[in-house]
Amino acid sequence: MAVNVRKISEQELEAQRAYEQKALSLLQKRYTSKPLACVITYGCQQNVADSERIKGMLEKMGYGFTDDRLSAKLIIFNTCAVREHAEDRVFGNVGSLKKYKLSNPDVVIALCGCMMQQQHIADKIKQSFPFVDLVFGTHVIHRVPELIYKALTQKKRIFELPDEDGVIAEGLPVKRDNDKKAWIPIMYGCNNFCSYCIVPYVRGRERSRKVEDVVKEFKGLVNEGYKEITLLGQNVNSYGKDLEPAVNFSELLRILNDVDGDFRIRFMTSHPKDCTKELLETMAQCDKVACHLHLPFQSGNNRVLKAMNRGYTREKYLELINYARELMGDELSITSDIIVGFPGETYEEFQDTLSLIEEIKATSLFTFIYSPRKGTPAAEMDDPISYDEKSKWLRELLALQEKISASQMALHKGKTFKCFVYGKGKLGDNYLAARTDGNLIIEFEGDDRLIGTFKKIKVTEPLTYVMKGELERM
C-alpha cells in the first residue's frame, strides 16, 4: 500500500523551536520557580517513545517533571486504544482531576495518543470533560510546543486531530526515561488491518525512517553509553518496503550490529506474516542482536486466524519457530501474544491454541480476552460466548503456560549468562534485576552501582517467571 510520506521540513521544525522559546519566556514570567509537567503514558513501547519526545520538547519549553499529577502545572495523558480497559483507566484518571482543575485554573490538562485519534472518543472528551484544555492526535506530536503555547495563552479549548498519513519528524529532542536502555522507532503505522485491531486507523499507514536517520540516532546512543537499544515498529518486519533504494529489516540489523561498541539490540513487534528466514538467519549470525523473538500468533486455529486476517497459518508459524530453534538452539527465547475468545471462536478451536502453546514452549505469553474496538470488522461479528466463559478459558491457558514457563526455567539451572543489569529486583531489598540475551530475568544480590552494566550471572534457583542467581566472581 503506497503512502505519500511527508517528512516535516526544517522550516516547520524551526517554527516549533520558536514556540519553545515563546513558551519558555511566558512560563518564566508566570511562575517564580520552574513549573512541573506530569506525563502519564499508557500502552505500548511506541507510546513510551512518543512520550520521551514530548518530554524532550517540554524540557526545552522550561518545564521540570514530576510523577505527582497534583503538583503539576501541565498534565498530559498519552493514551492507548488497543483495549477497552486502557480506555476506561484514562477516563477514570482524567475525571479525578476535575476538582484539581477547578482549584487551579492555570493548570493545563491535555490528552494525546491513539485514543484521541478516534472521533467518538474525542467527541466524548469534548462533551463530558469540559475541563480538558487540549486534545491532539498521533500525527502532530512534533507540534507540541505550538499546541501547549496556545493552550497557555488562549481561553478556548484546542482539538487538533488531523486525519492524515505519512508524517515523519526527525530531530525532535528526546528526554529518555533511562540512561542505559533506549527505544528507537524505526517506522510508524501499520498496513495489516487485522480484523480486531484499531492501530492502522489511529497510527496510519506504514512509513519507514531513512536508514541514515536510524543509524545516526543509534550511534549517538551508543556513544552516550546506552547498552540495550530496542528498535520499535508496529511491524518491524515491514521496515524499508517504502524506501528508495530498497532496504529490508535484516539489512538494517546487520548495519547496526556492525557499529562499534558494547551493546545489545532488541526489536519488536515482529509479524509472522512478514517474518522471513533471512531475518532468523540474521539474528543467529549477528552477535549483538538478542536471541529473543517476540512473534505473536494470537490463535492456534487456522479458521480463527483467517477471521482475524492475520495472513498466515498455524503450520507457517510452526515452520518459522522450528527454523529459528534449528539456528539458535537453546539460546533462543520465544514470547508471543494471544487473544482468547475472538468472536465466533469455539472451545474446540481454543484447544488448538493450547496445543500450539505446548508445542512452541514459549518462556512467557502476553494474553488478553478479546476486546471489541469500534470501527474494526471484528466489532461487527457475532460473539456468542460470554465474558465469564472466556475468563475460564484464559485461566486454563495461564495454568498451562505457568507449567511450561517453570519447566523452561528449570533447564537453565547452573548455567551462566551475560546479562544486562537494568534495575532493582523484587525478591529482596538487596536484589538487582538483570536480563539475559534471551530476555529471561535473573535476580541476584548486588550493589546498585552495577545497574546499567553487563555482568555474567550464574543461575542458582529457577522459579516460574524469574530465576535467582549469583554474580560470577572473576
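Let me start with Arg264 and Asp437, which form a salt bridge with their closest N and O atoms 3.4 Å apart. By salt bridge I mean a side-chain nitrogen of Lys or Arg within 4 Å of a carboxyl oxygen of Asp or Glu. The two residues are 173 apart in the chain, with Arg264 in strand E13 and Asp437 in the loop between strand E18 (431-436) and strand E19 (441-445). Helices here are DSSP runs of H or I with at least four residues, strands are E runs of at least two, and both are numbered from the N terminus. Arg264 counts as buried because its relative accessibility is 5%. Buried means under 20% relative accessible area, exposed means over 50%, and partly exposed is in between, with a 1.4 Å probe and protein chains only.

Two remarks on the source. This is a predicted model, in which local features need pLDDT of at least 70 and side-chain atom pairs count only at pLDDT 80 or more, while totals for chains, interfaces and linings use all residues. Residues are numbered from 1 along each chain as its sequence is written, and side-chain values use heavy atoms, with hydrogens and water left out.

Back to the charges. Side chains of opposite charge can pair when their charged atoms come close. The whole structure has 31 salt bridges. One of them joins Glu228 to Arg266, with 3.2 Å between the closest N and O atoms. Glu228 is in strand E12 (residues 228-232) and Arg266 in strand E13 (residues 264-268), so this pair ties together parts 38 residues apart in sequence. Both Glu228 and Arg266 are buried.

Next is Glu349 with Arg303, where the closest N and O atoms are 2.5 Å apart. That pair links helix H13 (residues 347-360), which holds Glu349, to helix H11 (residues 302-308), which holds Arg303, 46 residues apart. Glu349 is buried at 12% relative accessible area, whereas Arg303 is partly exposed at 40%.

There is also a salt-bridge network, made up of Glu52, Arg53, Glu170, Arg176, Arg209 and Glu217. Arg53 and Glu170 turn up again in the second largest pocket, among the residues nearest its centre. A pocket, on a 1 Å grid over the protein atoms alone, is an open set of points where a 1.4 Å probe fits, with protein on both sides within 12 Å along at least five of seven lines; lining residues have an atom within 4 Å of a point. This pocket holds about 640 Å³, taken as the space filled by probe spheres set on the points, which are joined across faces, edges and corners. Its lining has 27 residues, and helix H8 (211-223) is among the elements that supply at least two. H8 gives the largest share, five residues.

Now, which residues of H6 are buried? They are Val144, Pro145, Glu146, Leu147, Ile148, Tyr149, Ala151 and Leu152. That is eight of the 10 residues of helix H6 (residues 144-153), so the helix is largely enclosed by the rest of the structure. They pack against helix H1 (10-30), H2, E4, E5, strand E6 (134-136) and strand E7 (158-160).

Last, Arg373, in the loop between strand E16 (364-369) and helix H14 (387-410). Arg373 counts as buried because its relative accessibility is 5%. Leaving aside neighbours within four places in sequence, its contacts (heavy atoms within 4.5 Å) include Glu84, Glu87, Tyr196 and Ala379. Glu87 is also one of the buried residues of H3.
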